[in-house]
There are 2 protein chains.
Amino acid sequence: MKKQRISIKDISKELGISITTISFIINKKAKGRISDEVIKKVEDYIQEVGYKPNSSAQTLRTGKTKTIVFMAEDISDPFFSAVAKEMEEIAYKAGYKIIYCSTENNKKRALELISLFQDRQVDAFIITPPEGFQNAIQDLISQQNEVVMLFDRRYKMLNHNFVVLDNYNGAKSATEYLIKQNCQQIAYIGLDSDFSCMIERNGGYQHAVANHQAEPLALFLPFQHVNSDKGKKLFKEFIKAHPKIDGLLYATNGLAINGLKVLKELDKKIPEEIAVITFDDRDLFELHSPAITVLSQPVPDLATELINGTLQLLKSKKGKVDPYQKILPGKLIIRESSQKRLDPII
Amino acid sequence: MKKQRISIKDISKELGISITTISFIINKKAKGRISDEVIKKVEDYIQEVGYKPNSSAQTLRTGKTKTIVFMAEDISDPFFSAVAKEMEEIAYKAGYKIIYCSTENNKKRALELISLFQDRQVDAFIITPPEGFQNAIQDLISQQNEVVMLFDRRYKMLNHNFVVLDNYNGAKSATEYLIKQNCQQIAYIGLDSDFSCMIERNGGYQHAVANHQAEPLALFLPFQHVNSDKGKKLFKEFIKAHPKIDGLLYATNGLAINGLKVLKELDKKIPEEIAVITFDDRDLFELHSPAITVLSQPVPDLATELINGTLQLLKSKKGKVDPYQKILPGKLIIRESSQKRLDPII
DNA sequence: ATTCTTTTGTAAAACGTTTTACTAAATCGT
DNA sequence: ACGATTTAGTAAAACGTTTTACAAAAGAAT
């Protein structure tokens, strides 16, 4: 019952044509070297017997694996898994496969994963780097063995490839929307992090409230407390310490979920007492009572840019190439949680 | 700057020891063949220079890729991505990598994916088969080229490997819980599908209501309408047609999400007017108002069984082995949405 | 001292490609 | 008709392993 795989050698024997010729034909390098007649004959035979090249042999010979690694912060996070799924779709069509993994925002783990996949000779890394990973990225890039594409966060000083959201303007427009809704005291709930996305989001918020309220109000939670009870406690204390807060901008969906639980526990009315907006859309937010206004990331566009950029870089790997840098705009999806004004904005 | 990979040949030259000997040592086949002294020398050198075998060469020679494919229905579904993440963790430690992909419950696509990964010589498939896939699975198994493990759904008549939830008893206990809550008319919202999990869940429901209400009440939505407006419309009509319904069991989290939207639109009070339970836990359900009672699947256990089972089968591939079959119990997590009784059950 | 084992090791083929360097035949320009 | 060029094709090395079959040296048994 075992299906025997057919090799170039088999074709060669069967057709009485040399291995070299067949390889040229398979790799579309036959034009001008081999007669159309022979090309046709070989192509037809390949079609007929369903020959597929052995990828290990190809890799061994060429050093290319046609594999891209996507190292997300957490592949089970809906945002990352949505991006992953879209990427897989596109990569698949281009003959590439994707391997996913999660850094858990753990530097050591991320380093191990990079080392593991370097051993496996992947062609490219798409990475959401964990905290304090700049040097590691620097190293990885300078080795020049793989294409390195950063996602979601970038480094200002590195001349590298990245695809990120326009975090600054996203946060700014979300905050400005809250201001238009007559919020007087808008607070920002962010991650205690040096991620560019976090710094930019906070920057956008700061800019928007600069001429609006006496001083910005921000809470920065450490990564490990985003989902924890400790995080809830810290957030609860923050809200209690600032009773005048009537508008909230959460920097991530994780923060929002825990934050919404706290607001529920505190029995705060949304949006009457506190208007709420968060980054990243999830079906959860649409179903929430009240439905949560979000600044959603353009998942299909992000995925497309990530893969197309990576594939482009893989193709042009030889000479110096300009870095692939894309900053994509988010979209404010207005739902009930931010509609504070009785006279709605048109 | 490019780091040059070191090969066995390099070690051989450097140490003046034959390639064969080194290979034996690397593969722990040196005992009794090679002196302890030489073994130590080689191992130390390998450690020192950080040699890692080239996996393509190994694959080319052995035909084994140390790769497992996880074909989920939809890898961006939180349930599947949670399982995927856990699996990756375990597989990674065992030196295996996992490739994920989504069938989208599309038979043609699933067949293409299988063919693609067979070409890439993966060692094992973990599959949630799409609709009408039994023959394809049959074929795949009989080819005996890869280990085949089914997940989430199984085929009664096939003597195959699987890891599934105890769907029957899960649905039964959820329904019985609704009965205890004094629900008089309990409806089941399922998928119009021949998946074993769907049939078993419906079976559990049917059994539970058999002696309770005049007749079972069930709505079966086609797969493509789970998330669609059409699905919402069908569900809305169903609810309107059966105004006496005061208890609902959703067979999947996707059905529940769309269903909850409809209940919100119809302004049905949960649980006062309709008590609700759904399969599969998600953070969304905890945050929902009211929080939704769920029958949750033991994600870590499922992932562990899937990988351990697969690895075990990979090891013992030679002779006939008993199929690896696990049925894991779910857990009813009681929240507000099902608490209909004023006098709560103790 | 010869044969028989055991110990310790190695040579070389094979896995299935890609690619360089080559050749034979055909065509061309004059 | 002659060398030059183009066309059509191939032989063989290389990628880095694993593994079979063999061999030399040392020790044991006769």
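1. Start with the sheet in chain B. Six strands form an open sheet in the order 7-6-8-9-10-12, with mixed pairing. Strand 7 (217–221) and strand 12 (331–333) of chain B are its edges, each pairing on one side only. On average, neighbouring strands are turned by 20° against each other, direction ignored. Two strands pair if DSSP finds at least two bridges between them. Helices (H or I, at least four residues) and strands (E, at least two) are DSSP runs, numbered from the N terminus.

2. A word on the source. This is a predicted model: local features need pLDDT of at least 70, side-chain atom pairs count only at pLDDT 80 or more, and totals for chains, interfaces and linings use all residues. Residues are numbered from 1 along each chain as its sequence is written, while chains are lettered from A and ligands numbered from 1 in the order in which they are written.

3. Look inside the sheet. Strand 6 (residues 186–191) and strand 8 (residues 247–250) of chain B pair in the parallel sense over 4 bridges. Tyr188(B) has Leu249(B) as its bridge partner in strand 8 of chain B.

4. Next, a helix on this sheet. Helix 8 (residues 167–180) of chain B lies across strands 6, 8, 9 (275–279), 10 (293–296) and 12 of chain B. Helix 8 runs at about 165° to strand 8 of chain B. Axes are lines fitted to C-alpha atoms, for helices over the stretch in contact, and angles run from 0 to 180 degrees between N-to-C directions.

5. How do the chains meet? In all, 37 residues of chain B are in contact (C-beta atoms within 7 Å) with 37 residues of chain A. Helix 5 (78–93) of chain B gives the most to the side of chain B that touches chain A, with 6 residues.

6. Finally, the DNA. Around DNA strand C there are 28 residues, and Ile8(A), Asn54(A), Ala57(A), Ser18(B) and Ser35(B) come nearest. Around DNA strand D there are 28 residues, with Ser18(A), Ser35(A), Ile8(B), Asn54(B) and Ala57(B) nearest. A residue counts as near if its C-beta atom, placed from the backbone, lies within 6 Å of the strand.

Terms used
Two residues are in contact if their C-beta atoms, placed from the backbone, lie within 7 Å.
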